[in-house]
Amino acid sequence: MLSPSVIIEISKKKEKIGKIDQSVALLLSREIEFRIRELLLDSLSFMRHSKRKALIPRDICNALKLRTRRMINNLPQTIPVRKISKKLLKGIKDQEQKQENLINNNNNNNNNSNDPNDLQTTHKNQEKILNVKKLLRSSLPSYPIVPTFRSHWLAIAGTMPKIPENVIVYNDNLIDEQFYSVHQTNDFQDINSNNKEKKNIKSKNKRFRKNSIQPVIQMNKQGAVKRTIGTKIGSKGTTEIAVEITPIMKHNITQELQFYYDRVIDIIHGGNERQRYSVYNSLTEDTGIQQLAPYFIQHIQKEVKNNLKQLDVMMALMKMSQALIRNESVLLGLFLHQLVPSILTCILSSDLSSSQFDDHWKLRDFAAQTLSELCHKFDNYTSLKPRVINTLALSFVNKTKKLTTHYGAIVGLAALGLDVIRLILIPNAMNSLQILNPIIETEKKDTIKKIQAIKCRGMLLLAIGRVVMEQTEKRNSKRLITQKNDQNDDDDFVDVLKLYDMFGNALDCFIYSDSYHYTQVLI
Amino acid sequence: MLNLEKLINYRVMKYLENNQMYGTLNTFENETSLTRLTNNQRIERYNLVELILFDPQKLLDPQFYFNSYQSLKNWINTSLKLFQDELRVLLYPIFLHCYFDLIEKQKNERALEFFHKFKHDHLEKFPTELGLLQSITTKRQMETNNFATTTRSKKFNIILSSHSFELYFTFLQEMELDLLNKITYKYLNIRVISSNELRRYKIVDDNDETEGEKLALMTGETFEEIFSINSQKIEWGLLKNCIEDRVNEKRERELFEKKERILAITRKRKRTKAKQFVFQEPLNRTNSLIPAPKLTIQENNRRIEELSLSIDAGENNLPSICMFTLFNSQNKVNSVDISKDSRYITIGCSDSSVRYWDLTKQLEKKKSKKTNKKPDFSKVMHGHQGEVYSVKISPLNHSFVSVSQDGTARLWSFETDHCLSIYNGHNFPIWDVDFSPFGYYFVTGSMDKTAMLWSTDSERPHRLFVGHLSDVDCVKFHPNSNYVATGSSDRTVRLWSLSDGKCVRIFADMKGHKSGITSLAFSPDGQLLASGDEDGVICLWDIGKSMRIRKFNSHDNYITCMDFSVLNGNILASGSVDNTVKIWNVELARKNPIDIQRSKILKHKFQNVLLKTFPTKNTPVLHLGFSMRNILHASGVMTSDIPNNQEF
């Protein structure tokens, strides 16, 4: 802990003590270590009784007081000791640096400079000298903050209410059951054989559904509600609510939530990047914003329509919707019919920017990613994915659409998974290339169109390459196992030779999965 | 006592015997007129005094310590697996005393060498002790240090089965490790128990979710003393005519009357007489052993009314938890207490003030809807001269008591907002305080290793409970207020009788707590005692049988507070600095572990004693308490990593 050489150095500095022998220094250092350890143990017990996890200088002061030693007064009292020691170490290092610089400068002039280790080993907090007159004249420091308290329910009959004051609990059977009680009921029976509890939860579920339906009704008229309920309830097997539609009610949100909503919308439209980032974080993690979900979705829908050519606004809106999708405690199931079209617009729209040189590709990529996340999360809505694929595929096949839309369709389909690429992109790739290749080869005047075509082809190649790569890997592993070299043993595999006809040697990098080639193509 | 010459002769004889020089041995025997000793005789003769007389030079040689310890370690590691666990307990005390011996003999360098050579055997189990031990390097330091003096003056208690004990002793004899013999004789209390008894211990251990290693314990008493203390009879039942009984009676009477009303119609036809309702009081009810003012009739009725409104908490009926989060008080608030009727919240602050809120007044304010919205300031009261470590509201709800670093306890009134009296007695900081369930008496636990019993109307303590070897960290009154439990940093829990001030139970188990006790709780029927420690382990003890029945192990950090649910006590709530509140199923744990051992199905169910975990948002839980209506009050201090420099 403390080496005896330190003590010798201290004695060197303070001439009053005089020179100290090595053996005496050793004894002294051990004594000091013993005292410090004793002191630390005492201060740890003070910390424990103050019910804290971090040791603060006040604990050490208390331990010193207990042993009637002099207290250290000029340290901040409430900062954890570890942080202070870090600061001190940093200070020491700075001093060391200065010293070294000094020595380096001095070395040229004279060689009798001080030992550089001299300052490294000890550190003393400098005490400030205060002027009493100045102190008296200066204004009083601000009034200290008084401790206050707030109460909330941590649990009601054993279940945690989902309010902002409580922590989100993932992987909790009860909470999952409350919200996604679709096909987990069987598993749940095994885990929780308690019937009473189950009944409780069921009744809570009902209540919850009713509550969550209300805002939709208010904003959307009854027709839409009927439809969404019909599709959702069908899979659940309970028909009670499908028949019963709650009357139009006024949907009240609290003042705090209103304030939160206003602030989020302000920042999304006008805040800087950092503020927006914190908003996205809050939207992904906060538990208590379920009530605001319909308003957010409505806002996204409205703004996407109005700001079609403002890239940054659109990007912010997409990030916002991604954050909402990622939030475990916000249920978007009832608002998908509003959210999905907005996302599709961002992918497929022909003109997304005011100038054609803007990077609207990035927005399309991001929206496609969001869409795939959404499809993955709402896996249990069986009709969702086919409908989305249908929309994308139609615009991919349609030759009259603009190239930007064409690109969006490719990105969207590629993001939905390998199976989609295999089933839709590859069979129609030839048709697409028939349009793209002439443009790339012959077009000379319209460079923008040429760039768009190149982008499309690159994306198509990447998407198809992913399939090819997976396929070769599979085949390689199969070859390793069976020691056979059959090419056409599986119908599922795409005919690579045909693809070679289309893309030529560009496909090489996916087949020989060499990272070097792969990166080259991507660049 | 044998003289030195004789001893040397014995040694020579043994040498000859070992080398099988029987001819020489016979002549030697004839000449010295001594007879060979049998093995048993030899053990008897192995007295400490003889040993030192015999070979003082050998004991002075530090190398001897190294060899002895090393050979013991090797022997234990190569012995049968069955006995290894038992024998390994011996290593730590012997290691400690070897080190202290070396220091006492002024061989400081060798002592440090010894420490560093063998410290890895114990570093995992005793990190804090070894840290301190390492720094003790001179005899003078040893004399001033608390840890060193207690280990030198008190004895370690170790339980060994009769077989392993025999093994150990023959090993010592064969290897002629006089040194270990001396240490065993001087510093260890070895209790040899039969294999039957050992089996009983094992059954208890097997039910634990985690198999812990055994540790040597030190209590200051010998095994016989502990046994006689623990076998005393304790009247752990509640008082006669207690509130709980009245509530149960009320509930049963209502049920009975309901039945009667239904039966009355049929009875009219048959013309039989109606039965009279009789309430049977449980058998174990006791009388109060200490004089205390009785509760007023109003207070009694109020409590009965409140309690009869409570909902039974249990496995299928988890309680609701109301969380009071304190803001702007990181590093400022040390202790919180909420009154049982949830009217007052008191906090003890590190700036030596105590504060409280009256919740009913705040409710009134809200109802009247005044336009000028002022923040609800707490009432602040000053008086202490050091940090306040614990506050406790009197069950009679008109005052509260606080204890502080300055070694005093103070009684404060809610009605006048003033200090009513000061209790001087402890010389060191007081860590904890608890009120008797009927008010009037309170008990304090201090750093000076004692606990004291006070009454609110007397300046001097009535009882002084001495016996712990380290700080008394927590205190708790038994529900019938005849006993007090104290938990200490020496890893033991003790139960004291108030009538004579004597220790009536020592809860110390080789597999129990491995660090200091930080929190205690009694079940409402007075049968069980729960104790939580610095590692986050909770042990459940049966007071009547004085044995451990269960160990709960799930918290990550030390436990700050625990409480049983009212009336039936089926649920234990525990709070910790790891920002969680956990709910445990005591009903299951209470079942006799031996019965459960027999049926596997039950045992499977037995595993789920942890009913639920409630995490809080960065809020270490400081206080937990069930209200009269079985709602759990929790409170904690909101913390953040950003330091707050402003002192208040």
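Predicted model: local features only at pLDDT ≥ 70, side-chain atom pairs only at ≥ 80, totals over all residues.
Q: How do strands pair in general, and which way do E1(B) and E3(B) run?
A: Strands of a sheet pair through backbone hydrogen bonds, either parallel or antiparallel. Strand E1 (residues 156-161) of chain B and E3(B) run antiparallel, joined by two bridges. In E3(B), Leu217(B) is the bridge partner of Asn157(B).

Q: Which strand of chain B is joined to E1(A)?
A: The strand is E4 (residues 321-327) of chain B; seven bridges join E4(B) to E1(A), and the two run antiparallel. Within E4(B), Leu326(B) stands opposite Phe149(A).

Q: How many residues are in contact between chain A and chain B, and what area is buried?
A: On the side of chain A, 57 residues are in contact with 69 residues of chain B. The buried area is about 5700 Å², and carbon and sulfur atoms give 56% of that area.

Q: What polar links does the interface have, and how many salt bridges?
A: Between chain A and chain B there are 25 residue pairs in polar contact, counting pairs with both residues at pLDDT 80 or more. The rule also finds three salt bridges across this interface. One of the salt bridges joins the side chains of Arg30(A) and Glu109(B), at 3.0 Å from N to O.

Q: Which elements of chain A give two or more residues to the side that touches chain B?
A: They are helix H2 (22-49), helix H3 (57-66) and strand E1 (148-155) of chain A. H2(A) gives the largest share, 16 residues. By class, this side of chain A has 26 nonpolar, 14 polar and 17 charged residues.

Q: Where does UniProt place the feature "repeat: WD" in chain B?
A: The unreviewed UniProt entry places this feature at several spans of chain B, including residues 326-359 and 552-587. Residues 326-359 of chain B are 3% helix and 59% strand, with end C-alpha atoms 14 Å apart. For residues 552-587 of chain B the values are 6% helix and 56% strand, and the end C-alpha atoms lie 14 Å apart.

Notes: Residues numbered from 1 in each chain as written. Chains lettered and ligands numbered in written order. Heavy atoms only, no water. Contact = heavy atoms within 4.5 Å. Buried area = accessible area lost by both parts, 1.4 Å probe. Salt bridge = Lys/Arg side-chain N within 4 Å of Asp/Glu carboxyl O. Polar contact = N/O pair within 3.5 Å; in protein donor to acceptor, adjacent residues only side chain to side chain. Helix = DSSP H or I, 4+ residues; strand = E, 2+ residues; numbered from the N terminus. Nonpolar A, V, L, I, M, F, W, Y, C, P; charged D, E, K, R; others polar. Pairing = 2+ DSSP bridges. UniProt positions renumbered as here; feature names shortened; annotations may be inferred.
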